[in-house]
Amino acid sequence: LGIPFETSLELDLANENAYWLRGVFTPDFAKGASILMGYNSDDEVLYGVGYKCSDKCFLSTELSAEGDTSFRISYSF
């Protein structure tokens, strides 16, 4: 029973000082569900949940310490 962990670093090309660092935990028993944690250039800690709908589609929601909520649908081509 493993717990895969992935990290990502995203940069905003329009604003060279903006970035997001995220970690995603996806336990095998969760059937595609994951827990997200991150940090951004505004010194905010982010956390949330996600779900891998298919090999190409991923849904997630993130909540910041300030109370901002974002919903994301990611699709890979």
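Student: Which residues are linked in a network of salt bridges?

Tutor: Glu10, Arg22, Glu62 and Arg72 are linked in that network. This is a predicted model, in which local features need pLDDT of at least 70, side-chain atom pairs count only at pLDDT 80 or more, and totals for chains, interfaces and linings use all residues. Residues are numbered from 1 along each chain as its sequence is written, and side-chain values use heavy atoms, with hydrogens and water left out.

Student: What makes the contact between Arg22 and Glu10 a salt bridge?

Tutor: A salt bridge is a side-chain nitrogen of Lys or Arg within 4 Å of a carboxyl oxygen of Asp or Glu. The closest N and O atoms of Arg22 and Glu10 are 2.9 Å apart, so the pair is within the 4 Å limit. Arg22 is in strand S2 (residues 19-25) and Glu10 in strand S1 (residues 5-11), twelve residues apart, so the pair links distant parts of the chain. Strands here are DSSP runs (E, at least two residues), numbered from the N terminus.

Student: Why is the pair Glu10 and Arg72 called a salt bridge?

Tutor: The N to O distance is 3.8 Å, and the limit is 4 Å, so the name applies. Glu10 lies in strand S1 and Arg72 in strand S6 (residues 69-75), so the pair ties together parts that are 62 residues apart in sequence.

Student: How many salt bridges does the structure hold?

Tutor: It holds three salt bridges. One of them joins the side chains of Arg22 and Glu62, at 2.5 Å from N to O. Here Arg22 in strand S2 is linked to Glu62 in strand S5 (residues 57-64), 40 residues apart.

Student: Is Arg22 buried or exposed, and how do you know?

Tutor: Buried means under 20% relative accessible area, exposed over 50%, and partly exposed in between, with a 1.4 Å probe and protein chains only. Arg22 has a relative accessible area of 8%, so Arg22 is buried. Glu62 also has 8% and is buried.

Student: What are Glu10 and Arg72 called by that definition?

Tutor: Glu10 has 30% relative accessibility and counts as partly exposed. Arg72, at 27%, counts as partly exposed.

Student: What joins S4 to S5?

Tutor: A hairpin joins them through four residues. Seven bridges join strand S4 (residues 45-52) to S5, and the two run antiparallel. Leu46 stands opposite Ser64 in S5.

Student: Which residue in the turn between S5 and S6 has a positive phi?

Tutor: Gly67 has a positive phi of about 95°, in a hairpin with four residues between S5 and S6. S5 and S6 pair in the antiparallel sense over seven bridges, and Phe58 stands opposite Ser74 in S6.

Definitions and conventions. Pairing = 2+ DSSP bridges.
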